[in-house]
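Me: I would like to learn how to read a structural model with some care, taking one feature at a time. Could you give me the general idea in each case and then show me how it applies here?

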Amino acid sequence: IMGDDNEENDDVSDWYFDFQNKQLKKKTIFNNNPKQNRSLYFQEQKYISVCGFNNDSVDFCTYFARSKEKKNSLRYIFVLLHGAGHTSMSFALLTRALTQSMPECACLTFDLPAHGQTNSEARDESALSLEALLVDTAALLEKLLAPYFHHTSPNSKSNSDTPSHKDVTAPHVVLVGHSLGGALAVRLATRLKICSPAGIVVMDVVVKTTTKKLSLYTSDAAD
């Protein structure tokens, strides 16, 4: 239920990496699906800027969805990390399935640098290194998850760069990654400062490398 990027993208310019010329470029994607299709799966789309790898500015295109029933506090946030060459729309159907079946959950996803509609000052292959993606993604998640773990007073001004859904009880964060996103997920587990993930789900990753990283995470969690 991950969906097909080609079915969900709008007539917009998406970033991609030209391996022959080793440059980031934009391409226009045309299809017959209207732009409002994304609203079928996500309630919010926001651009959030962070200072990333090598102090380059990254303008992330983020998507947020929450189950319609909000009587109880938010218990789970699923952070969905797409694979190389894909976009957030890979998780459109999964987001809808989770938010419809779990009344106390939310899904958060975003286009990685050099993917989709996320813009980065970096214009070469350095933006695609695993370390760069880790630094950029960790900076974004620290910012996006802050409202749930750093509670502000009722009279304080809300941050327009973060989701507007705040709950009294901090939710459990679950990292879900496909392919490259899976490699990021197991490494982010020990990089995040704002919280310790309650779980990690990986799909189609390099098993040997991922298992080694997961063992480090479980050791840290045990401590």
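Me: Let us start with the cysteines; how many disulfides does a search of the whole structure find?

Reply: The general idea is to look at the distance between cysteine sulfur atoms, since a disulfide is a pair of them within 2.5 Å. In this model, which is predicted, a search of the whole structure finds zero disulfides. C107 is an example: the nearest cysteine sulfur, that of C105, is 5.1 Å away, and C107 is in no disulfide.

Me: Are these cysteines buried or exposed, taking C107 and C61 as examples?

Reply: Here the quantity to read is relative accessible area, and a residue counts as buried when that value is under 20%. C107 has a relative accessibility of 0% and therefore counts as buried, and C61 is likewise buried, with a relative accessible area of 0%. For the protein as a whole, buried residues make up 47% of the 223 residues, while the accessible surface comes to about 11,300 Å², of which 50% belongs to carbon and sulfur atoms.

Me: Which strands pair with β6, and in which sense, parallel or antiparallel?

Reply: Strand pairing is read from the bridges and from the relative direction of the two strands. Strand β4 (residues 57-66) is joined to β6 by five bridges and the two run antiparallel; within this pairing, A65 has C107 as its bridge partner. Strand β5 (residues 76-81) is also joined to β6 by five bridges, but these two run parallel, and I77 in that pairing stands opposite A106. Between β5 and β6 the chain crosses through helix α2 (residues 92-101), and this β-α-β crossover is right-handed.

Me: What other strand does β5 pair with, and over how many bridges?

Reply: β5 and β8 pair in the parallel sense over six bridges, and F78 has V174 in β8 as its bridge partner. Strand β8 (residues 172-178) has six of its seven residues buried, so it is largely enclosed by the rest of the structure. β8 in turn pairs with strand β9 (residues 199-203), again in the parallel sense, over five bridges, with L175 standing opposite I200. The chain passes from β8 through helix α4 (residues 180-191) to β9 in a right-handed β-α-β crossover.

Me: Finally, how do I read charged pairs, and how many salt bridges does a search of the whole structure find?

Reply: In general, side chains of opposite charge can pair when their charged atoms come close. A search of the whole structure finds three salt bridges. In one of them the side chains of K46 and E44 meet at 4.0 Å, N to O; K46 is partly exposed at 27% relative accessible area, whereas E44 counts as buried at 15%. R75 forms a salt bridge with E104, with the closest N and O atoms 3.5 Å apart. That pair links distant parts of the chain, as R75 lies in the loop between β4 and β5 and E104 in the loop between α2 and β6, 29 residues apart.

Me: Which helices hold R191 and E131?

Reply: For this pair, the distance is read before the location. R191 forms a salt bridge with E131, the closest N and O atoms being 2.8 Å apart. R191 lies in helix α4 and E131 in helix α3 (residues 130-149), so the pair ties together parts that are 60 residues apart in sequence. R191 is partly exposed, with a relative accessible area of 33%, and E131 counts as partly exposed at 36%.

Key: Residues numbered from 1 in each chain as written. Predicted model: local features only at pLDDT ≥ 70, side-chain atom pairs only at ≥ 80, totals over all residues. Heavy atoms only, no water. Buried < 20%, exposed > 50% of the residue type's maximum accessible area, 1.4 Å probe, protein only. Areas by Shrake-Rupley, 256 points an atom, 1.4 Å probe, with all protein chains shown as cover. Pairing = 2+ DSSP bridges. Helix = DSSP H or I, 4+ residues; strand = E, 2+ residues; numbered from the N terminus. Right-handed = clockwise from strand over helix to strand, strands pointing away.
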